[in-house]
Amino acid sequence: MSKILIIEDEVAIADLERDYLELSEFEVDVEHDGTKGLERALEGDYDLYILDLMLPGVDGFEICERIRETKNTPILMVSARKEDIDKIRGLGLGADDYITKPFSPSELVARVKAHITRYERLTAAGAVQQNNDIIHIRGLKIDKTARRVWVHGDEKQLTQKEYELLTFLAEHPNHVFSKEELFKRIWNMDSIGDIATVTVHIKKIREKIETDKNNPQFIETIWGVGYRFKM
Ligand code: CA
């Protein structure tokens with residue numbers, strides 16, 4: 001049975017969400033406070049999180065960010081204001097979906113089911129293929145033996161250096177590398193060379209693998225530091 005954590009301070013909404021999800025055979029935990037919710041989210045083993053944005057204690061933005069530091073579990077954000085949804089998108093916190101209040105409970109259940117199914121499929125594929133030199137992170141798949149890359153099933157043509165840079169970052173998810181480090185590792189030279197090469201290659205990779213290159217979901221720019229592959 002899939003397990004869901006709801007973090008929502010409005011008791012009536014939390015109850016409604018829980019009732020509908022339990023009717024659909026999900027196991028549901030509820031927290032009404034952001035601080036407790038975050039603790040439980042990080043400790044517990046959940047298959048999906050439903051996060052309200054405005055919460056006492058820690059807000060939904062921060063909870064989302066903290067969960068993403070260690071987990072790939074689907075996150076559905078709930079907000080009363082459409083502007084907040086735009087903000088969440090802009091921040092690229094790694095939420096998988098957004099829903100505005102008021103919403104229909106059956107729509108919520110449908111979305112929850114879709115995300116859990118999709119995530120199970122991804123993790124199952126990842127587990128089977130890990131021994132096979134295949135990296136599978138969300139929609140991105142890299143076959144290291146064949147040196148081929150797919151995004152959501154579509155093969156992408158990368159140059160040798162683009163491939164090496166992407167693979168190196170994907171093999172060290174969440175680790176921030178400076179441009180100098182990346183230049184040394186991929187171009188195999190002392191960093192006397194032009195580290196702008198790294199920036200150019202990251203830009204090209206994004207053009208090939210990102211749906212919206214202004215809001216990258218795979219390689220993230222850490223301003224003033226370098227890049228990291230988001231897990
Ligand atoms: Ca709230």
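Q: Why is Asp-52 called buried rather than exposed?
A: In this predicted model, Asp-52 has a relative accessibility of 4%, and because buried means under 20%, Asp-52 counts as buried.

Q: What makes Met-54 partly exposed?
A: The relative accessible area of Met-54 is 48%, and since partly exposed covers the range between under 20% for buried and over 50% for exposed, Met-54 is placed in that class.

Q: How do you know which residues are the protein donors of the calcium ion?
A: A donor atom for Ca has to be N, O or S within 3.2 Å of the metal, and the protein donors, Asp-9 (OD), Asp-52 (OD) and Met-54 (O), lie 2.1 to 2.3 Å from the calcium ion. Along the sequence these donor residues follow the spacing D-x42-D-x1-M.

Q: Why is helix H6 called oblique to helix H7?
A: Helix H6 (residues 160–171) and helix H7 (residues 179–187) pack at an angle of about 120 degrees, with their axes 10 Å apart. That angle makes H6 oblique to H7, because roughly perpendicular covers 65 to 115 degrees and roughly antiparallel begins over 145. The crossing of these two helices is right-handed.

Q: Which residues of H6 and H7 meet?
A: From H6 come Lys-161, Glu-164, Leu-165, Phe-168 and Leu-169, which meet Leu-182, Arg-185, Ile-186 and Trp-187 in H7. The residues of this contact divide into 6 nonpolar, no polar and 3 charged.

Q: What makes H7 and H8 roughly perpendicular to each other?
A: The packing angle between H7 and helix H8 (residues 196–209) is about 85 degrees, with the axes 9 Å apart, and because angles of 65 to 115 degrees count as roughly perpendicular, the two helices are described in that way. On the H7 side the contact is made by Lys-179, Leu-182, Phe-183 and Trp-187, and on the H8 side by Thr-197, Val-198, Thr-199 and His-201.

Q: Why is Glu-25 called exposed?
A: Glu-25, which lies in the loop between helix H1 (11–23) and strand S2 (27–31), has a relative accessible area of 58%, and because exposed means over 50%, the word applies to Glu-25.

Q: Why does Asn-174 count as partly exposed?
A: Asn-174, in the loop between H6 and strand S10 (177–178), has a relative accessibility of 24%, and because buried means under 20% and exposed over 50%, Asn-174 counts as partly exposed.

Note on methods:
Residues numbered from 1 in each chain as written. Predicted model: local features only at pLDDT ≥ 70, side-chain atom pairs only at ≥ 80, totals over all residues. Heavy atoms only, no water. Axes fitted to C-alpha atoms, helices over the stretch in contact; angles between N-to-C directions. Helix = DSSP H or I, 4+ residues; strand = E, 2+ residues; numbered from the N terminus. Parallel < 35°, antiparallel > 145°, perpendicular 65-115°, else oblique. Left-handed = near helix turned anticlockwise from the far one by under 90°. Contact = heavy atoms within 4.5 Å. Nonpolar A, V, L, I, M, F, W, Y, C, P; charged D, E, K, R; others polar. Donors = N, O, S within 2.8 Å, 3.2 Å for Na, K, Ca; no water. Buried < 20%, exposed > 50% of the residue type's maximum accessible area, 1.4 Å probe, protein only.
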